[in-house]
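Open the model in your viewer and keep the selection tool at hand. The stops below say what to select next and what is there.

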Amino acid sequence: MRDNFELRDADVAGRIGELTVPRAGVTVETPALLPVINPNLETIAPSRLADEFGAEMLITNSYIIHGNDELRERALEEGLHDMLDFDGAIMTDSGSFQLSVYGEIDVTTEEILTFQREIGSDVGTPVDIPTPPDAARETAESDLATTEERIAEAETVDTDEMLVSAPVQGSTYTDLREEAARTADASSLDVFPVGAVVPLMNDYRYADMVDVVAACKRGLSPDAPVHLFGAGHPMMFALATALGCDLFDSAAYAIYARDDRYLTVRNTRHLEDLEYFPCSCPVCATNTPDEIRALDHEEREEQLAAHNLHVSFAEIRRIKQAIRAGNLLELVETRARGHPAMLDGYRALLDHADQLERSDPVSKGTFFHLSAESARRPEVLRYRDRLDRLDAPAELLLTEGAEIEGYDASWSLAPPFGPVPPALSQTYPLTAETPDRLDDAARAAAADAVARLAEHNPGTDLTVAHYGWPDHVLRRLPEGIDRIDLSARR
């Protein structure tokens, strides 16, 4: 068991946790956003990140500092915290990003970890190999072998109280990702970044990102803090949190501001296209788009970066509250409706409902059925799987509403859950709020649940009383089940 990460609350696979960072003497609440600080280009002062935005942790690049004589001497003399003027936890990257861009760097894992320790980093990173998506399998396997060698090497380096990351690589091969995660989890290292997913997110391949992260999570133990490297856009924070990611680093707030781009939780807008600011952060509440456009480039960049940070940190707080309230998936669904690629990501998330169900709390706030995707949620799957615990009487009516005489018992038929005995009708998630105009996906899920009940109660004569279920849904019911269309009786 790891003693530096403690879980406090959970919903789906998302969790609120406490990451103890001993070298900094702080405990960081997760999910946490780590703004990226470019040592050569400071858009927002780190002290301001803490005071104004509430940043508890940030990330910077030790390879850039190591390769610049002035920065290196300052960092060694002053220490990273004084150099950046930041009292929270500081994580450092190793140069792996530069390796992925340029193909070669001039430091070893031992050298860069030792340097990170010497400059006062709180969480260090070895030199892993970030294999891009869709690489040849032989390349992914070879790169992964090198990464795992460097993780093993990192375990031998004297890092004192500095936590050390064990990056999980494997390109888009989910079996390699799961295997890599198991290897990393078996190490003595502390934080587990999912690497080389930035190209997927840049290309809006959120479904592929979900499959990669889900594979990594299968290989990691529940007490492993997971860092999604490069997850900079707030519209996907909720999706990634629901998968079980705990740390996000963002350079997007500054990179987008440099290009006059304005972040929202739904999309990215160009400043020139805005007549009104759809936001009430301090930047937007005290300025109009025309006023921001009139600033010189440096001032405009700073104001946009500040807005982008406000939006990003607000989303993290919103996610934490959703976890507390038990409605994280409703937030994910709301975000999924903002972009088709996000909807792909949400649907991919639900492809892993059986995996998510294992960590999802059995009781929480009211279940809201918001779309056809709601019928695939972990709560629906869990209820269906537990129908085999119910003993049905000899003659059972399952009805969507109307009572009909002549049966030993009458249970509710409640899409998307299916058969609901009276004793369970007021328990979670069967107190769900559903729309009056229910979708066929909910009815199909209910029909599958009826089929499961019938399978485990072969001696029961079942009758389904429904309101106008279409033929393609009724065909999901086993032969021998009587059907009554209640809509004909209205």
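**A tour by selection**

Select residues 297-325, helix 15, and residues 328-336, helix 16: the two pack at an angle of about 140 degrees, with their axes 7 Å apart. This is a predicted model, in which local features need pLDDT of at least 70 and side-chain atom pairs count only at pLDDT 80 or more, while totals for chains, interfaces and linings use all residues. Residues are numbered from 1 along each chain as its sequence is written, and side-chain values use heavy atoms, with hydrogens and water left out.

Some terms are needed here. Helices (H or I, at least four residues) and strands (E, at least two) are DSSP runs, numbered from the N terminus. Axes are lines fitted to C-alpha atoms, for helices over the stretch in contact, and angles run from 0 to 180 degrees between N-to-C directions. Angles under 35 degrees count as roughly parallel, over 145 as roughly antiparallel, 65 to 115 as roughly perpendicular and the rest as oblique. Helix 15 and helix 16 are therefore oblique to each other.

Now show the side chains. Glu315, Arg318, Ile319, Ala322 and Ile323 of helix 15 make the contact (heavy atoms within 4.5 Å) with Leu328, Leu331 and Arg335 of helix 16. By class, this contact of helix 15 with helix 16 has five nonpolar, no polar and three charged residues. Ala, Val, Leu, Ile, Met, Phe, Trp, Tyr, Cys and Pro count as nonpolar, Asp, Glu, Lys and Arg as charged, and the others, Gly among them, as polar.

**Next: helix 17**

On the helix 16 side, Leu329, Val332, Glu333, Arg335 and Ala336 meet Met342, Leu343, Tyr346 and Leu349 of helix 17. The residues of this contact of helix 16 with helix 17 divide into seven nonpolar, no polar and two charged.

**Next: a salt bridge**

Which residue meets Lys320 in a salt bridge? Select Glu29: its side chain and that of Lys320 meet at 3.0 Å, N to O. A salt bridge is a side-chain nitrogen of Lys or Arg within 4 Å of a carboxyl oxygen of Asp or Glu. Lys320 lies in helix 15 and Glu29 in strand 3 (residues 26-30), so the pair ties together parts that are 291 residues apart in sequence. The whole structure holds 37 salt bridges.

**Next: the hairpin**

Select residues 5-11, strand 1, and residues 14-21, strand 2; they run antiparallel and are joined by six bridges. Two strands pair if DSSP finds at least two bridges between them. Phe5 has Leu19 in strand 2 as its bridge partner. Two residues lie between the strands of this hairpin, and Val12 takes a positive phi near 50 degrees.

Five strands form an open sheet with mixed pairing, in the order 16-15-14-17-18. Strand 16 (418-420) and strand 18 (482-485) stand at the edges with a single partner strand each, so one side of each is left without a neighbour in the sheet. From one strand to the next the twist averages 30 degrees.

Within the sheet, select strand 14 (residues 395-399) and strand 15 (residues 409-414), which pair in the parallel sense over four bridges. Leu396 stands opposite Ala409 in strand 15.
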